[in-house]
Amino acid sequence: MRSHEPRSSSSCAACKFLKRRCTPNCIFAPYFRSDEPKKFAKVHKVFGASNVSKILTEVPEGQREDTVNSLAYEAEARLRDPVYGCIGAIALLQRKMAQLQLDLSIARARLARYTANSSSSTVILNDRSRMTTFSELPAACGGLSECFGQNYSEFSQDGLFNDFSQFPHIF
């Protein structure tokens with residue numbers, strides 16, 4: 001923990017910012033070092049020095065460093081996004097996670113459909129004794145001719161995406 005480290009003779013970032021003399025028992029000194037002036041400036045702008053001092057005195061000494069780091073993170077987030085702060089960052093990450101989960105489920109469904117279609121189409125293509133029309137192919141996506149005409153955002157009957165946009169049109 002920083003509070004037990006020997007202090008240099010210079011003032012902490014908080015006392016420098018507030019233009020006051022830094023005392024040996026300064027509550028800010030262990031957490032706002034003199035080489036981090038912007039850290040305290042952001043925390044002071046959002047929370048105020050008096051409130052930060054009150055918070056630090058109420059928190060047990062073992063948790064103060066984590067408290068200061070949380071205050072600094074919240075202050076930086078609040079300055080970037082004054083309305084939502086940290087909640088805006090959390091909501092953005094949750095939306096990204098939901099989109100990635102959707103993308104993963106789409107990829108898994110396509111892979112499952114591809115493996116199912118490739119095994120059944122191999123049987124049809126290897127059977128040279130009879131010709132097969134497109135309408136007779138497995139109806140995993142409503143027939144091959146319908147899949148090629150389908151838009152990316154449309155769903156098949158089983159609720160999965162049918163994306164054949166990367167294939168050339170052969171009709």
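View 1. Of the 20 residues in the largest nonpolar core, the ones touching the most other members are Cys 12, Phe 28 and Phe 32. Such a core is a set of buried Ala, Val, Leu, Ile, Met, Phe, Trp, Tyr and Cys residues joined through side-chain atoms within 4.5 Å; buried means under 20% relative accessible area, exposed over 50%, and partly exposed in between (1.4 Å probe, protein chains only). At least two residues of this core come from each of α1, α2, α3 and α4, and α4 gives the largest share, four residues. Helices are DSSP runs (H or I, at least four residues), as are strands (E, at least two), numbered from the N terminus.

This is a predicted model, in which local features need pLDDT of at least 70 and side-chain atom pairs count only at pLDDT 80 or more, while totals for chains, interfaces and linings use all residues. Residues are numbered from 1 along each chain as its sequence is written, and side-chain values use heavy atoms, with hydrogens and water left out.

**View 2. Around Phe 32.** Not counting residues up to four places away in sequence, Phe 32 touches Cys 12, Ala 13, Ala 14, Lys 39, Phe 40, Val 43, Val 52 and Val 68. Contact here means heavy atoms within 4.5 Å.

**View 3. Where α2 meets α3.** These two helices, α2 and α3, pack at an angle of about 100°, with axes 7 Å apart; axes are lines fitted to C-alpha atoms, for helices over the stretch in contact, and angles run from 0 to 180 degrees between N-to-C directions. The pair is therefore roughly perpendicular, the term for angles of 65 to 115 degrees. Phe 40, Val 43, His 44 and Phe 47 of α2 meet Ala 49, Asn 51 and Val 52 of α3.

**View 4. Val 59 and Thr 67.** Val 59 sits in the loop between α3 (49–58) and α4 (64–80), and counts as buried because its relative accessibility is 15%. Thr 67, in helix α4, is also buried, at 17%. Leaving aside neighbours within four places in sequence, Val 59 contacts Arg 64 and Thr 67, whereas Thr 67 contacts Ile 55, Leu 56 and Val 59.

**View 5. Lys 19, with a positive phi.** Look for Lys 19 in the loop between α1 (13–18) and α2 (37–47). Its phi is near 55°, a positive value in a residue other than glycine. Most residues other than glycine have a negative phi. Lys 19 counts as exposed because its relative accessibility is 76%.

Methods:
Parallel < 35°, antiparallel > 145°, perpendicular 65-115°, else oblique.
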